[in-house]
Amino acid sequence: MSPPPSRTPWQVWYVALAFIWGSSYLLIKLGLGALSAVQVAGLRIIFGVVVLLALLAITRSQLPRGRRTWGHLVVTGTLLCTLPWVLFSLGEERVSSAVAGISNATTPVAAVVATALMLPGEPVGRRRQLGVAIGFVGVVLIAQPWSLEHCPDPVGLLMVLAASASYGLGWTYVRRYLHGVDPGGLAMPTAQVMVAAAQVPFLVVGDWWLRGAPAGGPLAPGGTEVGVGWALWGPLLAVAVLGIVGTGLAQAMQFEVVRAAGPTVATSVTYPIIVVSVVLGVFVLGESVAPLVLLGAVIVLLGSLLITGHRPHRSG
């Protein structure tokens, strides 16, 4: 039997998510001070799944059942957890945390494209088409392909954009293949992070193969050994917070918002996330954001607003 719905208003979870996920790019950047991108993503997943399994046991929730459901969960766990979290970590080795946060504005744009491909019965509408076009213009301004001097690292930018697009594709996949099978409670978020946790060994092997086996102690992203002290424990603490709060608890919060207010409202948390990530990147990490990048971010946000324009959510 599923636990009763949360009595906490979804607006509380919404605001909490904005601050938690907005700060996740800062935490990733801090983690990369002593860990590789795959190590950051892998530890994030491990901390997150431990928290969710503990909460699952406390609330006596049941995991989803059925081979077909779990087959789809393998896809959504990859698209909504493993792939974006690895790509964000890899991308932040090359671009600032502010730029990584700004890339979130492309999630609604990707969701519209995925909807057109995966949900042909759902009309996209001219407003959403215009939003996609405007969003594309904003991405071009952020990338600045005409300026090698001022544009963000193109590979890193492509990684964070792909990570954000993966969210849009993943939630569309959920709507297409997992509609009506959510047993409630912590079942779905726990199952998805469990899928990601099962993929961590493959990530570690792949990282080991690409970088080579470490010969000594903990390694920094560039392969240099770091001392055991705050230079190591600080990044580990940042990743622990990212996993426990930004992954475990936040996944549960996100599903509460989706269930109560619908995926359109839940996706709009992108907007405050961008603000939080840019503010933290500039004032905490001392990052600089080029004016044209900010202009591109504003344009992408305008496109996203057209895409996710408020529509009343019908529950049930």
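Colleague: What percentage of the 316 residues of the chain count as buried?
Modeller: Of the 316 residues, 51% count as buried (under 20% relative accessible area, with exposed over 50% and partly exposed in between, using a 1.4 Å probe and protein chains only). Please note that this is a predicted model, in which local features need pLDDT of at least 70 and side-chain atom pairs count only at pLDDT 80 or more, while totals for chains, interfaces and linings use all residues. Residues are numbered from 1 along each chain as its sequence is written, and side-chain values use heavy atoms, with hydrogens and water left out.

Colleague: How many helices and strands are there?
Modeller: The chain has 12 helices and 0 strands (DSSP runs numbered from the N terminus: H or I of at least four residues for helices, E of at least two for strands).

Colleague: And how do helix 1 and helix 9 cross?
Modeller: The axes of helix 1 (residues 10–31) and helix 9 come within 8 Å, crossing at roughly 150°. These axes are lines fitted to C-alpha atoms over the stretch in contact, with angles from 0 to 180 degrees between N-to-C directions. The two helices are therefore roughly antiparallel (over 145 degrees; under 35 is roughly parallel, 65 to 115 roughly perpendicular and the rest oblique). The crossing of helix 1 and helix 9 is left-handed, meaning that the near helix is turned anticlockwise from the far one by less than a right angle, whereas clockwise is right-handed.

Colleague: What about helix 3 and helix 8, at what angle do they cross?
Modeller: Helix 3 (residues 67–91) and helix 8 (residues 187–211) cross at roughly 65°, and their axes come within 8 Å. Helix 3 and helix 8 are therefore roughly perpendicular, and their crossing is right-handed.

Colleague: New topic: how many salt bridges does a search of the whole structure find?
Modeller: The search finds 1 salt bridge (a side-chain nitrogen of Lys or Arg within 4 Å of a carboxyl oxygen of Asp or Glu). The side chains of Asp153 and Arg94 form it, at 3.5 Å from N to O. Asp153 lies in the loop between helix 6 (126–143) and helix 7 (154–177), and Arg94 in the loop between helix 3 and helix 4 (97–102), so that the pair, 59 residues apart, links distant parts of the chain.

Colleague: Why does Asp153 count as partly exposed?
Modeller: Asp153 counts as partly exposed because its relative accessibility is 26%. Arg94, at 46%, also counts as partly exposed.

Colleague: Lastly, where does Ser288 lie?
Modeller: Ser288 lies in the loop between helix 11 (270–283) and helix 12 (291–307). At 68% relative accessibility, Ser288 counts as exposed. Ser288 and Ser96 are 192 residues apart in sequence, but 8.4 Å apart in space, C-alpha to C-alpha.
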